[in-house]
Amino acid sequence: MKSTVLKPSVHPLAAYIDVLESGKALLPESAENVVEVVGVLKSYGIVLDAYSRNLNYIAEEQFLVLFPFFKYFNGEVTLPKLIRYLWHDRINFEYAEYCMRTMLWHGGGGLDSYLDSPEFSSLVEKAIAAKLKGNFFMQGLHKAFPDFLPEQVRMLAYYTGLGQFWRVMSDLFMDLSDSYDRGETKSISDVVDFVKAGLVAAASLPITYSVKIGPQVYDILPATANLTFLPDVAVPYVEAVFFRGTAFFGTVSYNAQAHQIPEEQREFAYGALFADPLPIGGAGIPPTQLMQDMRHYLPEYLHEVYRTSCRGEDDVRVQICQSFQKSMFCVTTATILGLAPHPMNTSDYEERKANRAYLEGWMDRFGNSRLDWANQPTNRACQLFPER
């Protein structure tokens, strides 16, 4: 007689598979974790609002502007604003572009596939022809290098794809913060459930993109492409930014003979779930820009946690990075549970077996991540590296 009892997993990370099968999060329950996750996601939501607005502005208003000197100004170029920018008293939009280029490079999902389609090429050529009308120099350049401008449009499609994704996530994280302030979100499980519900609600939102050139509007990502939020943008984002990422310049050698980075993109493990938080604050480390932006918008209850640590605010960017990694394990949990083939509480043997194979596939990706660190009872920077 065939057994209907699912045997324990023999996966090296079987303990975390058990956690997910029980419907719990990859981040353990604790009052401190809740404060850190909700607080850092609130500041992240504010920053993502600025990032998404700028990415969408560039895609829509800076279409094929080859030298967009004022692309970070969102169309509001004033002397006081210019002085603040030159003094670097501003949001670091460069980090948003870093994430966009990481997604473009790693690809994946329906958006990446559509950008290689004949339909996209046809739409792009129509938009390029309208943009270059009367510009004989650029028309000649396009004829001599026919792949250059279409590649710029491919990149602009990722600008708007990421911008639309972050628009949803910004609103979701701000709603989460409001729920916490009202006393409705009290645990890590509540956080995961809230994020999962938000992702499910937004799953089928259409991802479209069009530009106005003269009096006419040209589709770049039309509604007929059937691109949607979750499979075509959100999942590729998780893959590119949470898992793969890119090696940070100055930390490893890009010399092929040094063999310090993998030869295959699929083997990259430099994403947010893997990154060592200690280099944060160093020049050339992209997440430093994000942590610097988030530092300005920390809720007071989280700021107080950092101030009262043994190093105070001396290593606040590192502490923000650690809290951010905790929050991303919550978001990843919500993504895993939301994409599962069957509910985790199913009693059907075959469904549980399918869920087990699905979870083991995810756990194959977590081998060298910060997952074990996040599950240690004490993992703040000052506790790991106490003052001597």
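## Thr-288 and helix α11

Thr-288 sits in helix α11; helices here are DSSP runs of H or I with at least four residues, strands are runs of E with at least two, and both are numbered from the N terminus. Setting aside residues up to four places away in sequence, Thr-288 touches Pro-279, Ile-280, Gly-281, Gly-282 and Arg-317, where a contact means heavy atoms within 4.5 Å.

A word on where this comes from: the model is predicted, so local features need pLDDT of at least 70 and side-chain atom pairs count only at pLDDT 80 or more, while totals for chains, interfaces and linings use all residues. Residues are numbered from 1 along each chain as its sequence is written, and side-chain values use heavy atoms, with hydrogens and water left out.

## The chain as a whole

Stepping back, the protein chain has 16 helices and 2 strands. Its radius of gyration is 22 Å, close to the 21 Å that the globule rule gives for 388 residues, so the chain is as compact as a globular protein of that length. That radius is taken over C-alpha atoms, and the rule is 2.2 Å times the number of residues to the power 0.38. Along the principal axes, the C-alpha atoms fill a box of roughly 70 × 60 × 55 Å.

Of the 388 residues, 51% count as buried. If you take contacts between residues at least 6 apart in sequence, 75% of them join residues at least 24 apart. The accessible surface comes to about 18,900 Å², with 56% belonging to carbon and sulfur atoms; areas come from the Shrake-Rupley method with a 1.4 Å probe, and for residues only the protein chains shown count as cover. As for charge, the mean positions of the 34 positive and 45 negative charges are 2 Å apart. Lys and Arg count as positive and Asp and Glu as negative, leaving out His and the chain ends, and each charge is placed at NZ of Lys, CZ of Arg, CG of Asp or CD of Glu.

Helix α4 covers residues 93-106. Its 14 residues reach 20 Å from first C-alpha to last, close to the 20 Å expected at 1.5 Å a residue (the expected span being 1.5 Å times one less than the number of residues). Of those 14 residues, 11 are buried, so α4 is largely enclosed by the rest of the structure. Among them are Phe-93, Tyr-95, Tyr-98, Cys-99, Met-100 and Met-103, and Glu-97 and His-106 are on the buried list too.

What do the buried residues of α4 pack against? They meet α2 (31-61), α3 (79-86), α8 (148-181), α10 (229-244) and α11 (286-295). Just after α4, Gly-107 takes a positive phi of about 65°.

## Loops on either side of α3

The loop between α2 and α3 holds Phe-69 and Asn-74. Phe-69 is exposed, with a relative accessible area of 69%. Phe-69 and Met-103 are 34 residues apart in sequence, and their C-alpha atoms are 23 Å apart in space. Asn-74 is partly exposed at 28%, and its phi is near 55°, a positive value in a residue other than glycine.

His-88, in the loop between α3 and α4, also has a positive phi, near 65°. His-88 is partly exposed, with a relative accessible area of 45%. For context, most residues other than glycine have a negative phi.

## Helix α14

Helix α14 runs over residues 349-363, and its end C-alpha atoms are 21 Å apart, which agrees with the 21 Å that its 15 residues should span. Its buried residues are Tyr-349, Asn-355, Arg-356, Tyr-358, Leu-359, Trp-362 and Met-363. What covers them includes α1 (14-21), α10 and α13 (316-339).

Ala-197 lies in helix α9 (residues 188-202) and is partly exposed at 46%. Its C-alpha is separated by 9.7 Å from that of Leu-172, 25 residues apart along the chain.

Tyr-254, in the loop between α10 and α11, is partly exposed at 38% relative accessibility. Leaving aside neighbours within four places in sequence, Tyr-254 is in contact with Thr-246, Ala-247, Phe-249 and Ile-261. Tyr-254 and Ala-203 are 51 residues apart along the chain, with 37 Å between their C-alpha atoms.

Definitions and conventions:
Buried means under 20% relative accessible area, exposed over 50%, partly exposed in between (1.4 Å probe, protein chains only).
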